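This report describes selected local features of one protein chain. The sequence and the structure are shown first, and the description follows.

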Amino acid sequence: MKRALAIFLSVMMFLTVVPFVSAANSSFSDVPRSHWAYKEITEMAEKGIIAGYDNRTFRPNNQVTRAEFAKIMIAAADVDMDKRSITQTFKDVPKSHWAFYYVEYAKPYLTGYKSGSTYTYKPNESAVREDIAVALVRLLGYDKKYKADLNQLKKFKDDDDISPALRSYIAIAIQSNLMQGSNNYFRPQDPITRAEAASLLYRALIDRKDDDETKVVFPAPEDPKPTPINISDAFSETDLKNWQTDKANGSWGVINKQVTAISTDKNLDHYLLPLNWDESDKVNHYELSVDVNTSGTDGLGGLFFNGKDGKANVVFVQKDRVVLGKVNNVNDDNTDWIASGSYKLKSSNRLKVVVDGSSVSIYMNGQFLFGNQQIKQEGTKLGLYVQREATKDTPRKMTYLDNFSFKEVK
């Protein structure tokens, strides 16, 4: 923690682009002995933590912007920024802004603004005292260590100026002696100056005593838990890279970002497209979902699971019901029905199948329809299912599948 605060302090003092003199020179022409922060500024300069400008000034009244403050917090928290997968949070800090990555990664320590569903950061405005109070409290973990005593705020005549969402942080900063007021005022909206930063961080870094130090035993490391399987496909690309097309029954393809199947083999009655996944995981509790979209057909499409050696359990929609069955031969138009539930076919039908061991539950459009508890799990192949009848009048009449999802349930 002290290392993090040392970085915090160093960055705070080096915000300007003007070259610095040696840190050993702790005598600043604009910080006389009578200056209220003389001790803090001088002692940290002697320790080589801070330095002034090349004209032997410290400029104690210079202010810090909110964008600069975000960069400080990154250094304070010792964050290693990965710039490959960051999305924009604040409307006024786009990716083109110099502080974009600092702001996004420093969000756990920063304050922001919300209007409706829009977030702004106001990067060019000055950081204020209540901002640094929140930052110090969260950086030190005091918001988890201490319970806020809001009565601490009543001693200040300007306590109504403290932002409502920040009041607990300000109280903790005061009761832990991280920050203080003067003349019965806290000045929460006053800009942060270099002198104030030096004083506040001096108390956090140098003047505080680690009087609660105890020897501890760290727990043994736990084996990492495997990440649950979660595969989805909206068929926005035509290559079907998530699917085992070489092991499919029928010819599967993407049309208008939906998938369907046809075949010139008149003996083939069931089209199965297996999902490409690590079947060795032997998952026995999972969810399968897909949209069954009809264009002049009676549905006859959906999902299959428990697939092995050309056999599989299938779930498909019809004109007036949803069927759970077993396909034993893809060249036989018969399907062994196991269970079914009444359902009125729509142009778009969201089908979900939940498998938990031998139990299978069927949902339509988010509502439970029916279930069965006697499905023996024998195979690991699963994926999309369409009957020959669903596409025999192509292209005039077709059944399409879209928005597939396969999720392991832990």
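Leaving aside neighbours within four places in sequence, Glu104 is in contact (heavy atoms within 4.5 Å) with Ile86, Thr87, Gln88, Thr89 and Phe90. The model is predicted: local features need pLDDT of at least 70, side-chain atom pairs count only at pLDDT 80 or more, and totals for chains, interfaces and linings use all residues. Residues are numbered from 1 along each chain as its sequence is written, and side-chain values use heavy atoms, with hydrogens and water left out.

**Glu104 and Asp30**

Glu104 belongs to helix H4 (residues 100–105); helices (H or I, at least four residues) and strands (E, at least two) are DSSP runs, numbered from the N terminus. Asp30, in turn, is placed in the loop between H1 and helix H2 (38–46). Accessibility is classed as buried under 20% relative accessible area, exposed over 50% and partly exposed in between (1.4 Å probe, protein chains only).

| Residue | Relative accessible area | Class |
|---|---|---|
| Glu104 | 7% | buried |
| Asp30 | 25% | partly exposed |

The side chain of Glu104 forms a polar contact with the side chain of Thr89 at 2.7 Å. A polar contact is a pair of N or O atoms within 3.5 Å; within protein, one must be able to donate a hydrogen and the other to accept it, and residues adjacent in sequence count only if both atoms are side-chain atoms.

For Asp30, the side chain reaches the backbone nitrogen of Phe58 at 2.8 Å. Not counting residues up to four places away in sequence, Asp30 touches His35, Thr57, Phe58, Arg59 and Pro60. The C-alpha atoms of Asp30 and Pro60 are separated by 7.7 Å, although these residues are 30 residues apart along the chain.

**Packing of H5 and H7**

Helix H5 (residues 129–140) packs against helix H7 (residues 167–175) at an angle of about 70 degrees, their axes being 9 Å apart. H5 is therefore roughly perpendicular to H7, a class that covers 65 to 115 degrees. H5 contributes Glu130, Ala133, Val134, Val137 and Arg138 to the contact, and H7 contributes Tyr169, Ile170, Ile172 and Ala173.

**Confidence**

The chain has a mean pLDDT (the predictor's confidence in each residue, from 0 to 100) of 85, and 86% of its residues reach 70 or more. Confidence is lowest in helix H1 (residues 2–13), at a mean of 44, and highest in strand S6 (residues 270–274), at 97. Over residues 1–25, pLDDT stays under 50, and the model has 69 contacts beyond four places in sequence for them.

How values were computed. Axes are lines fitted to C-alpha atoms, for helices over the stretch in contact, and angles run from 0 to 180 degrees between N-to-C directions. Angles under 35 degrees count as roughly parallel, over 145 as roughly antiparallel, 65 to 115 as roughly perpendicular and the rest as oblique.
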